[in-house]
Amino acid sequence: MTHFSVRGCTPTAIKLALAMWIFTTTPMSTAWAAGEHGGGHAESLIGQPGVAAQASRTVDVDMTDAMRFHPARLDVRQGETLRLRVRNAGQIKHELVLGTQAELKAHYEQMKRFPGMEHEDPSMVSVAPGQIGEIVWKFTEAGTVDFACLQPGHFEAGMVGQVAVAGGAGDARKNSTPPARPAGAAHRH
Ligand SMILES: [Cu+2]
């Protein structure tokens with residue numbers, strides 16, 4: 001939902017506002033849902049919503065009015081599902097939004113234009129002061145997944161962080177039992 005100030009709004013102004021809302025919202029919604037139809041879209045670059053029961057660990061992230069995440073850098077292995085417990089330690093609303101740099105920037109521009117805009121997606125959580133929110137996310141791609149607070153002013157103030165996703169099946173195997181394999185059976189010449 002978008003909250004507009006309707007003080008003194010004429011029907012034309014409302015229509016214009018609606019048109020603007022549809023115009024500016026539709027591309028983002030499409031991008032946001034892109035993971036569902038696959039093919040290298042934005043969402044698949046950062047992973048996918050996770051299943052809580054499959055989370056390998058819970059990580060606490062604090063958000064402060066100093067416009068910082070603590071910690072601002074997380075390390076995960078490719079394929080790992082993380083439960084992010086996101087605490088708002090400040091007096092104002094903050095949020096943690098996962099995305100690519102491009103997605104976060106585009107989304108932030110929207111947030112600046114429509115500050116009251118409520119947005120919801122498994123890849124983000126908005127948290128009221130003193131509250132704790134949660135994201136369960138599976139990091140399927142090696143590389144870097146960025147996150148940011150998209151509340152107006154916060155992104156520019158440096159309220160950003162990164163999840164480093166260590167790639168390679170070798171890394172993924174480190175913490176699990178290696179498959180039992182008879183000696184000599186692995187190679188054929
Ligand atoms: Cu913030």
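The legends below describe several close-up views of one predicted protein model.

View 1. Residues are numbered from 1 along each chain as its sequence is written. Because the model is predicted, local features need pLDDT of at least 70 and side-chain atom pairs count only at pLDDT 80 or more, while totals for chains, interfaces and linings use all residues. The secondary structure comes to 4 helices and 10 strands, where helices (H or I, at least four residues) and strands (E, at least two) are DSSP runs numbered from the N terminus. From that end on, the elements run α-α-β-β-β-β-β-β-α-β-β-β-β-α. Of the 189 residues, 24% count as buried, a residue being buried if 20 or more other C-beta atoms lie within 10 Å of its own, exposed if 12 or fewer, and partly exposed in between, with C-beta atoms placed from the backbone.

View 2. The mean pLDDT of the protein is 77, and 66% of its residues reach 70 or more; pLDDT is the predictor's confidence in each residue, from 0 to 100. Over residues 1-41 the pLDDT stays under 50, and the model has 24 contacts beyond four places in sequence for this stretch, two residues being in contact if their C-beta atoms, placed from the backbone, lie within 7 Å. Residues 170-189 also have pLDDT below 50, with 8 contacts in the model beyond near neighbours in sequence. Where pLDDT is low, the predicted coordinates should not be read in detail.

**View 3. Strand β6 and its two partners.** All 6 of the 6 residues of β6 (residues 94-99) are buried, with His94, Leu96 and Leu98 on one side and Glu95, Val97 and Gly99 on the other. In a regular strand the side chains alternate between the two faces of the sheet. Strand β6 runs antiparallel to β7 (residues 124-127), to which 4 bridges join it, and two strands count as paired if DSSP finds at least two bridges between them. In this pairing, valine 97 stands opposite methionine 124. Strand β9 (residues 143-148) is likewise antiparallel to β6, through 3 bridges, and phenylalanine 147 in β9 is the bridge partner of leucine 98.

**View 4. The largest nonpolar core around Leu96 and Leu98.** Such a core is a set of buried Ala, Val, Leu, Ile, Met, Phe, Trp, Tyr and Cys residues joined through C-beta atoms within 7 Å. Among the 27 residues of the largest one, Leu96 and Leu98 touch the most other members. The elements that give two or more residues to this core include β5 (80-88), α3 (101-113) and β10 (160-166). Beyond its neighbours within four places in sequence, leucine 96 has contacts that include Val61, Leu84, Ile135 and Phe147.

**View 5. The open sheet of 5 strands.** The strand order in this sheet is β1-β8-β5-β2-β3, with mixed pairing. Its edge strands, β1 (48-49) and β3 (68-70), each pair on one side only. Strand β2 (residues 57-64) pairs with β3 in the antiparallel sense over 3 bridges, and threonine 64 has arginine 68 in β3 as its bridge partner.

**View 6. Helix α3 and its buried face.** Glu103, His107, Tyr108 and Met111 of α3 are buried. Seen down the axis of α3, its buried residues fall within an arc of 125°, so they line one face of the helix; the arc is that of the directions from the helix axis to the C-beta atoms. The face turned away from this buried side carries the exposed residues Gln101 and Ala102.
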